[in-house]
Amino acid sequence: NTVTDGIPTERKFKELVARVINPLEKGDTIVSSLPMSGAFTNALNLNDYSLTSKLQISIKLTRAVARFDVRNREEITRLIIDSIAMDNGRCTSTMFPIEAKGESSDPANGLITYPSRSYWGADEHGRRLSAFYSYGSPKDDLGALILIGKYAINKTETVPVHYRIPFTQINDGIGGTIEINHNHRYTVDILGADEYNAQAIFTISDWSDSFFRSNTPI
């Protein structure tokens, strides 16, 4: 590889952002491979190494997006999900540091509605892993997941449905908004649905095996 001194400059390097989502382009959503960044923050002394030496360092990479898994038992909820999207989302993220950002896609507030992504691949337990990815969503954005599909009124008749599930946590009428953070996994359990609303519980983890459950109908 050819390395040119000073290109890019540190200032330009810090201005790098993840791909910008275009809300007007159908299917323009975040898919693998996911944007990640990392840094080696310890002081590194290269004075004692010759030109033929090899130096190995470890850099932990962090995902710049949040992940949504969905669990929906169609035989219980009578809800058939066709696609999934996000409302009041951020269209990109800086990488150094990772911080969700809005741009000119919506001049009023920098927030967008993500184009919908096809919902497919649920297993026999109704789980769809990595159903959707998004950049972070601060509390003040009042973001929400959007589920689009059909609700079975009876065994032979269905109606189209469009649910907006806000990122809120409410217990006994008291609660607030859940912040969507990068490198975290959000599992959405659909508890039930009708023609107008869906009830769900969010389970939040840091994309590892440990997690906590917010026992919260939405």
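Reader: What makes strand 6 (residues 92-95) and strand 7 (residues 98-101) a pair?

Author: They're joined by 4 bridges and run antiparallel. Two strands pair if DSSP finds at least two bridges between them, so 4 bridges is enough. A strand here is a DSSP run of E of at least two residues, numbered from the N terminus. Within this pair, S93 has A100 in strand 7 as its bridge partner, and the two strands make a hairpin with 2 residues between them.

Before we go on: this is a predicted model, where local features need pLDDT of at least 70, side-chain atom pairs count only at pLDDT 80 or more, and totals for chains, interfaces and linings use all residues. Residues are numbered from 1 along each chain as its sequence is written, and side-chain values use heavy atoms, with hydrogens and water left out.

Reader: Is R90 called buried or exposed, and why?

Author: Buried means under 20% relative accessible area, exposed over 50%, and partly exposed in between (1.4 Å probe, protein chains only). R90 has 17%, so buried is the word. Leaving aside neighbours within four places in sequence, R90 is in contact (heavy atoms within 4.5 Å) with several residues, including K101, L111, Y114 and D141.

Reader: And S137, buried or exposed?

Author: S137 is at 1% relative accessibility, so it counts as buried by that cut-off. It lies in the loop between strand 10 (127-134) and strand 11 (144-152). Not counting residues up to four places away in sequence, S137 touches M86, N88, G143, F167, E179 and I180.

Reader: What makes F167 and F202 an aromatic pair, and why is it called edge-to-face?

Author: A pair of aromatic rings is described by the distance of the centres and the angle of the planes. Rings of Phe, Tyr and Trp (its six-membered ring) pair if their centres lie within 6.5 Å; planes under 30 degrees apart count as stacked, over 60 as edge-to-face and the rest as tilted. The structure holds 6 such pairs. F167 and F202 are 5.8 Å apart, centre to centre, with 65 degrees between the planes, so they pair and count as edge-to-face. F167 lies in the loop between strand 12 (158-166) and strand 13 (168-171), and F202 in strand 16 (residues 198-205), so the pair ties together parts that are 35 residues apart in sequence.

Reader: How do you know that the charged end of R63 sits over the ring of W207?

Author: The rule asks for NZ of Lys or CZ of Arg within 6 Å of the ring centre and within 35 degrees of the ring normal. For R63, the charged end is 4.0 Å from the centre of the W207 ring. R128 sits over the ring of W120 too, 4.5 Å from its centre.

Reader: Why do D28 and R19 count as a salt bridge?

Author: A salt bridge is a side-chain nitrogen of Lys or Arg within 4 Å of a carboxyl oxygen of Asp or Glu. D28 is buried at 9% relative accessible area, while R19 is partly exposed at 43%.

Reader: How many salt bridges does the rule give?

Author: It gives 12. Among them is R73 with E75, at 2.7 Å; R73 is partly exposed at 32% and E75 exposed at 54%. D123 and R127 also meet this way, at 3.1 Å. R11, K12 and E15 are linked in a network of salt bridges.
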